[in-house]
Amino acid sequence: MNKSAELIINQYIKPDEPVIIGISGGPDSVYLLLQALKKTSNVIVAHINHKTRGRANTLDQKFVEGLAKNHNLTFELHTVEHRVSGNQEQYYRRERYAFFEKLREKYKAQWILVAHHLNDNIETVLFNLTKGSFLDGLTGMEAVNHRRHILRPLIFTTKDEILTHLHKTKTPYRKDKTNDDTDYSRNRIRHNVIPELKSINENLEQTFAGNIVNLQELKEYFDDVTATWIDRNHHKNYLSLAEFKKIHPILQKNVIYQLYAHIYGEGKKINQKHLEQILKIIHQSASNRKKEFGKTHYLSIQKKDGQKVISITRKKGEAEGKYA
């Protein structure tokens, strides 16, 4: 077993405790299942049929059902029956994790295991960097997410390590041909960008792994500093404009980002561009100017007790938020 995967599995999973594992049938999830079975046989195999690839989806489902049966494991299926307009990938992701969480509660499991590996994380960081994400996007996916009960045991394992093991042990798996379609941005990064970077640094994966860990540790420290400042300076739904202007610009951005994340549960929808637009309004200091702060709130400059403040208020008809 890959040492990093073994370390994560042994640290967080007790012998034979129930765990939910998302299994697509591809090499990554098959490999993850085999590693997890070394610690617990109480595995619930969770498979989603997106019905986007016709017969291939059916064959994936049958393969995963057979895999579960061969190991005497519980098999759970979720079929996506309808489509939505807008971001399909985001919709499927919500469906996927809602299904996993439902199973976690049903089987009273502590952890949901997903098969993201090191190369996935590198692609994520490069994609987010290209799109202008703030700090959260540049630190990649974490190995452990306690709030969402998610474990990523393979996050320090390379794709080559996974494939080498499966080929060596002659372990079958399914292949999704859409992963080779460079019409998708992430696939272009995988097939075009990363090979070029590896021509510069043949140890790219390990270099990136170290960089990601450093950035995650830096962000954790920075978030603690930000939370301390917010606790000291946040009064109901406003901040002192004068006190806000005293702090470093990067701390200003993170304060706004964290307030947004507290209201909406995450900050993925607010990027570098949005933060700069908000800071522009703040530094112009014009009273009664406001800007949408997500779907349910406004951020504006107001006067309170003769002093200008940064105010975060709910739009009419919206439910109360943590900071509003």
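**View 1. Surroundings of methionine 141 in the predicted model.** Beyond its neighbours within four places in sequence, methionine 141 is in contact (heavy atoms within 4.5 Å) with His116, Asp120, Asn121, Thr124, Arg152, Ile155 and Gln216. The residue lies in the loop between helix H6 (135-138) and strand E5 (144-145); helices (H or I, at least four residues) and strands (E, at least two) are DSSP runs, numbered from the N terminus. With a relative accessible area of 13%, methionine 141 is buried (under 20%; exposed is over 50%, partly exposed in between; 1.4 Å probe, protein chains only).

**View 2. Contact of helices H5 and H8.** The axes of H5 (residues 118-131) and H8 (residues 185-200) come within 10 Å and cross at roughly 100°. Axes are lines fitted to C-alpha atoms, for helices over the stretch in contact, with angles from 0 to 180 degrees between N-to-C directions. H5 is therefore roughly perpendicular to H8 (65 to 115 degrees; under 35 is roughly parallel, over 145 roughly antiparallel, the rest oblique). Among the residues involved are Ile122 and Phe127 of H5 and Ile189 and Val193 of H8.

**View 3. The open sheet.** Six strands are arranged in the order E3-E2-E1-E4-E6-E5, with mixed pairing; two strands pair if DSSP finds at least two bridges between them. Strand E3 (74-79) and E5 form the edges, each pairing on one side only. E1 (residues 19-22) and E4 (residues 111-113) run parallel and are joined by three bridges, with tryptophan 111 as the partner of valine 19.

Residues are numbered from 1 along each chain as its sequence is written. Local features need pLDDT of at least 70, side-chain atom pairs count only at pLDDT 80 or more, and totals for chains, interfaces and linings use all residues, while side-chain values use heavy atoms, without hydrogens and water.
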